[in-house]
Amino acid sequence: MYQKILVPTDGSDTAEAAVDSALDLAEKYEAGVHALYVVDTDSLSISLGGEQIDRIEQGNFAEMDEVRERAEAATGYVADRARERGLTTVENVSAGKPHALIADYVEDTDIDLVVMGSHGRSGVKRALLGSVTERTLRSTHVPVLVVDVQGVE
Ligand code: ATP
Ligand code: MN
């Protein structure tokens with residue numbers, strides 16, 4: 001049924017809470033697990049200069065410790081949990097608009113299921129869904145499982 005499952009993660013508790021659901025399905029369907037962290041260049045633009053943003057968008061953030069560490073921690077969490085179940089994970093980091101790059105990854109990699117959190121790092125629970133989740137639902141044609149974790153802050 002599912003051969004490749006994508007877990008987009010911003011490293012938040014809510015994104016992490018979706019990981020178990022993703023891995024249960026991966027085990028059941030013997031699917032490959034893909035973890036994707038997108039460096040959100042729109043939210044970075046407040047704190048960084050244009051030149052740094054350009055470099056990040058070109059994928060040159062290896063020496064920007066804070067950016068790289070956050071990315072590696074986010075995808076690494078998925079990979080660690082997967083490894084505990086004997087599953088391997090393809091870890092990926094890109095930079096730009098999260099929902100657009102999630103949709104691109106789905107297309108380019110032939111993902112057939114996305115499992116993600118209802119909310120993310122902003123922690124604002126006023127809206128039913130965070131904007132990345134809502135936009136991902138509007139931009140992909142594959143099923144998206146949205147895991148809403150009440151009480152996870
Ligand atoms: P908003 O960003 O709209 O203020 P939020 O941060 O609470 O609200 P979202 O950003 O939509 O909510 O996060 C929902 C889910 O989307 C996360 O649990 C995660 O699965 C995914 N996600 C969010 N940001 C990223 C990102 N930069 N890279 C990969 N996945 C992301
Ligand atoms: Mn967010």
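I began with one pairing: Val115 has Leu145 in β5 as its bridge partner. Strands here are DSSP runs (E, at least two residues), and helices are runs of H or I with at least four, numbered from the N terminus.

Before going on, I noted that this is a predicted model, where local features need pLDDT of at least 70, side-chain atom pairs count only at pLDDT 80 or more, and totals for chains, interfaces and linings use all residues. Residues are numbered from 1 along each chain as its sequence is written, chains are lettered from A and ligands numbered from 1 in the order written, and side-chain values use heavy atoms, without hydrogens and water.

Next, I checked β4 (residues 113-117), which pairs with β5 in the parallel sense over 4 bridges; pairing takes at least two DSSP bridges.

I then looked up the whole sheet: it is open, has 5 strands in the order β3-β2-β1-β4-β5, and pairs in parallel. β3 (89-96) and β5 (144-147) each have a single partner strand, so one side of each lacks a neighbour in the sheet.

Now the ligand. Which residues come nearest to ligand 1? I found Pro8, Val38, His119, Gly120 and Ser131, out of 19 around it (a heavy atom within 4 Å).

I looked up polar contacts too (N or O pairs within 3.5 Å). An oxygen atom of ligand 1 sits 2.6 Å from a polar backbone atom of His119, and one is 2.8 Å from a polar backbone atom of Gly120. For Gly117, a backbone N or O atom is 3.2 Å from a ligand 1 oxygen.

Conventions. A polar contact is a pair of N or O atoms within 3.5 Å; within protein, one must be able to donate a hydrogen and the other to accept it, and residues adjacent in sequence count only if both atoms are side-chain atoms.
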